[in-house]
Amino acid sequence: MNLIKRMIPNNIKQEGKYFLMDLLKIPYNRFGVPVEIQEWLPNNRPITFIDIGASYGQFSTALSQYYNIERAIIVEPLTNHIPMLRSRFADQAKYSIFNLAVAESSGEADFYTFGDYDYNSSFLKVKRELMRLPGFEEAEEVTLKVKTEPLDRITADCKIGSIDLLKIDVQGAEHMVLRSGYETLKRTRLVYIEFSYRPIYEGSSTFFDLYKILTDQNFRMVSVMPGYKTEEEGILQGDALFVNNLI
């Protein structure tokens, strides 16, 4: 079974997640957009979005199928994902693709990845005793060097104005993204962010850290969706949607 799993390309595995969500009637619309986002962001006009931690672009693809896209910034640190992103989002007038990680300063940083489990890649070392995925205990940790830029620098360089949706999925480093983008947050209507109730990565943020950062920046939380859980630990991760009170 493990051999068969290794033979399946990562992008096919990721696409299978969306098929499973549909099969189990998890609350996504038929394009794969979470219904909470759909409720707060109607598709009656073109939108601008930022996807941080894009992987192979499944989330950005769902948005692009449901919404008319005016402008998008897509950020992914793993170089092997970039050809797929450039193929899916080839219209350079609309889509800007960055092969880097978002952090509080410009430069380089160590980045930890895991082969077939590269969706668990992070600046931070994973706590393997909490990541109870089948076969993950055998995955080799590989350290890469990745380029880093603050979110405010990226949006300034792109000359992007108001932002309808900022999605962040960076495996415990979400606080680094938020702290690097206070000016960007002022112009952002919705933030859709992954969180952990317990630190799954060494030095990672928790839901409570992210809640404080965003409420301090005049956001309010309007929805929470449960995500990764184990029988032993219960719900460990989820996604939350925040709305800017000033927009």
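Modeller: Buried means under 20% relative accessible area. Keep that cut-off in mind, and remember that this is a predicted model.

Colleague: What makes strand 8 largely enclosed by the rest of the structure?

Modeller: Eight of its nine residues are buried, so strand 8 is largely enclosed.

Colleague: Which strands does strand 8 pair with?

Modeller: Strand 7 (residues 163–168) is joined to strand 8 by five bridges, and the two run parallel. Leu166 stands opposite Val191 in strand 8. Strand 12 (residues 237–244) is joined to strand 8 by seven bridges, and these two run antiparallel. There, Ser196 stands opposite Gln237 in strand 12.

Colleague: How do you know that strand 7 and strand 8 are paired?

Modeller: Pairing needs at least two bridges. Strand 7 and strand 8 have five.

Colleague: Now the rings. How many aromatic pairs does the structure hold?

Modeller: Seven.

Colleague: Why is the pair of Phe59 and Tyr192 called stacked?

Modeller: Rings pair if their centres lie within 6.5 Å, and planes under 30 degrees apart count as stacked. The centres of Phe59 and Tyr192 are 5.7 Å apart and their planes are at 10 degrees, so the pair is stacked.

Colleague: What parts does this pair tie together?

Modeller: Phe59 lies in helix 4 (residues 58–66) and Tyr192 in strand 8 (residues 188–196), so the pair ties together parts 133 residues apart in sequence.

Colleague: Are Phe59 and Tyr192 buried or exposed?

Modeller: Both are buried.

Colleague: Why is the pair of Phe207 and Tyr211 called tilted?

Modeller: Stacked needs planes under 30 degrees apart, edge-to-face over 60, and the rest are tilted. Phe207 and Tyr211 have planes at 35 degrees, with centres 5.9 Å apart, so their pair is tilted.

Colleague: What separates Phe207 and Tyr211 along helix 9?

Modeller: About one helical turn, because they are four residues apart in helix 9 (residues 207–216).

Colleague: What makes Phe207 buried, and Tyr211 partly exposed?

Modeller: Phe207 has a relative accessible area of 11%, so it is buried. Tyr211 is at 36%, so it counts as partly exposed.

Colleague: How do you know that Phe208 is exposed?

Modeller: Exposed means over 50%. Phe208 has a relative accessible area of 52%, so it is exposed. Phe208 also lies in helix 9.

Colleague: Which residues do ring pairs link into a cluster?

Modeller: Phe195, Phe207, Phe208, Tyr211 and Phe242.

Colleague: And which residues form the nonpolar patch on the surface?

Modeller: Tyr197, Phe208, Tyr211, Met221 and Val224, with about 430 Å² of accessible area together. Helix 9 and strand 9 (219–226) each supply at least two residues of this patch.

Key: Residues numbered from 1 in each chain as written. Predicted model: local features only at pLDDT ≥ 70, side-chain atom pairs only at ≥ 80, totals over all residues. Heavy atoms only, no water. Phe/Tyr/Trp six-rings, centres within 6.5 Å; stacked < 30°, edge-to-face > 60°. Buried < 20%, exposed > 50% of the residue type's maximum accessible area, 1.4 Å probe, protein only. Patch = residues over 30% accessible without salt bridge, like charges linked within 9 Å, V, L, I, M, F, W, Y side chains within 5 Å. Areas by Shrake-Rupley, 256 points an atom, 1.4 Å probe, with all protein chains shown as cover. Salt bridge = Lys/Arg side-chain N within 4 Å of Asp/Glu carboxyl O.
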